[in-house]
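These are my notebook entries on a structure that I looked up. I record below what I checked, in the order in which I checked it.

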Amino acid sequence: MVKAVNESRLLKIIVSVILCLTVTAFSIMIKCVEVYAAIPLALPLVGAGLMLVAGILVMAGLTFESQNQATIAANQWYIDLKYSHPGKWGFNRLINEEKELALEDFENIEENIEEINGSVVEVTDNLWNYSKKWVSHYYDEGQNNINRDVYTVVDEEGNHIPYCFNHNFDDRVLLGETIEWMGNQYEWVYNGQVSVPHVGKMHLYLLMENGQNVGQVTTLIEEKPQFYIYATNEDKLRLGAEYQRTENTIGRGITNYAGGVLSGYEEQIQLARAISEEMEYNIAATGKAGVIDNQDWDYETVDGKRSVYVPKNGTMEYYEGLTYGELLTITDMAIAGEPVPGVDEEEKTWWEQLVGGVSAKVEEGAQLLVGTLADLKAWLEGTYQNVIGSIREGTATIAEEIRAQEVEDIDPKIRQFGVFDIFILFLEVLLACIRLIIRACVYLAKIVTIPPDGTLLNDDAQSGLDFFKNQIIPVINISVWDMFSGLMSLIISLAVVKRVRRVAESG
Amino acid sequence: MGNVLNKVREAIEALTDQLILLPDRIDSITFDDNFVVTKFLGLIHYILGTPLYTLFCLFLLIGAGFILYNIAKKIINIIGIIIPKIKGMFIIP
């Protein structure tokens, strides 16, 4: 009977432990879901290149409230630079000649990114001019909240294909006059002017597919059409084109080309759609008065150049709330060889100091021990090799040395400390331990009041978690998370009650 | 040999110094908002949500209470064995 009761208790304990582990395992599983959910938002610019761009944007007058905003803005900057067109006709005309030089400069720096990481990077005129115009175009003084809804899917080769969810003029991203789509090379070629009945002279542009003419458009404005990619309602990617028909009207669409819709990315697009509804995905930032929209704005570091500091082993978190004045000071400090606060020397917490101190002492002790053993070995070897006469002489010398050392070194210590002091010392340590235990107990009693804190997770993980928590089961209209939470609450409550009852009964 | 003894003396001195500093180091341990355990518990709170986190804390507190109860019981038993006269002064259920 007793054995059966014990087995039952053991079984209950095992079930309780499994339930607790289920919570932990489920939390880990959620983390995996977050990572998966973040895939469609994979962005082409990462690492030190990303931080360099963020630094340039800060120098151009932007202050980002979060690392997510800084990351998205820097990537948007890169997509606009790389694909030649930001989706705004006026801006494209403005910078069309400079952007290629800027892209060339940026790619040169990015190739040597390993060498520049952790140092000061000089910003070339082309890069600065492009960045300044990009910032001036998109941002105004004060708070900005600009939603571009640009996403990328990652193909089998790891290439990013930028796309938008619809062709709204404010949302879509134009990708330039040439594009590779489904293995074919597409290009717009100007074919002179043609006479159109009731309209007059118009500019004719031919759509070339691998060198073959497959379509055409006519416009009153002499400007080549631009390609863009968008997700259809069926979550497939499709190629489109846009052109300035007149000063005030924009034409859309191409139909006579071989490449159709691109399938295979439905899952990524669906997840991106779901996330876009849940999270703020914008390039918001605060524009500094007197810097934003000031075409003459420029800066100079202490060495007379235009440079920006890229933090060694830093993260985008570094750019949260960073103003151009602060970054300029930091860059000047880095140029002068001074340690940069927040990056080169971080304030250690007490446990880091404690661990550091203990490890240093352990290392010191180990070195001491090794040194002692080496001395001992050398002494033994020396003794072994000498003749008896030398041993006698050596022993006398050693004895004198020992006597001298003992008298010289240990005497003050003996006078300084007694046995009672050691007792007091251990008592102090014991009292400190008791104080620590009391503090720990008080802390334990207060853990219920600790507020939720997601700062240990990155922004993508937090967004993924929020997204997961808000998924509603359609029929019963309850979120998956609420259902799980309620179920686990019930089970743990029962486990707690059973545990208390068992203890009360056994007592 | 003199060097050996010197090294041993240095080691003892280092140990004594560490022992002198140890109470201050232990006292410097504080459980504030930046404490890594606080941040970790905050993360658990964020992931689990308030109802589950409250139950988790309840489970933790009850467990800690049982452990402290058992420890106190054993300590008093040990004291009772060492000093037989004290037995009967504390009634532990």
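**Entries on chains A and B**

I began with burial in chain B: of its 93 residues, 12% count as buried. I note here that the model is a predicted one.

I next looked up the secondary structure of chain B. I found 3 helices and 0 strands. Read from the N terminus, the elements of chain B follow the order α-α-α.

I then turned to a pair of these helices. Helix α2 of chain B covers residues 36-48, and helix α3 of chain B covers residues 50-82. Their axes come within 7 Å and cross at roughly 135°. I classed α2(B) as oblique to α3(B) because of that angle; angles over 145 degrees would count as roughly antiparallel, and 65 to 115 as roughly perpendicular. I also recorded the hand of the crossing of α2(B) and α3(B), which is right-handed.

Which residues make the contact between α2(B) and α3(B)? From α2(B), I listed Ile44(B), His45(B) and Leu48(B). From α3(B), I listed Leu52(B), Tyr53(B) and Phe56(B).

Finally, I checked the confidence of the prediction for chain A. The pLDDT of chain A averages 71, and 64% of the residues score at least 70. I marked residues 29-42 of chain A, where the pLDDT is below 50; this stretch has 30 contacts in the model beyond near neighbours in sequence. I also marked residues 84-91 of chain A, where the pLDDT is below 50 and the stretch has 16 contacts beyond near neighbours in sequence.

Note on methods:
Residues are numbered from 1 along each chain as its sequence is written. Chains are lettered from A and ligands numbered from 1 in the order in which they are written. This is a predicted model: local features need pLDDT of at least 70, side-chain atom pairs count only at pLDDT 80 or more; totals for chains, interfaces and linings use all residues. pLDDT is the predictor's confidence in each residue, from 0 to 100. Two residues are in contact if their C-beta atoms, placed from the backbone, lie within 7 Å. Axes are lines fitted to C-alpha atoms, for helices over the stretch in contact, and angles run from 0 to 180 degrees between N-to-C directions. Helices (H or I, at least four residues) and strands (E, at least two) are DSSP runs, numbered from the N terminus. Angles under 35 degrees count as roughly parallel, over 145 as roughly antiparallel, 65 to 115 as roughly perpendicular and the rest as oblique. A crossing is left-handed if the near helix is turned anticlockwise from the far one by less than a right angle, and right-handed if clockwise. A residue is buried if 20 or more other C-beta atoms lie within 10 Å of its own, exposed if 12 or fewer, and partly exposed in between; C-beta atoms are placed from the backbone.
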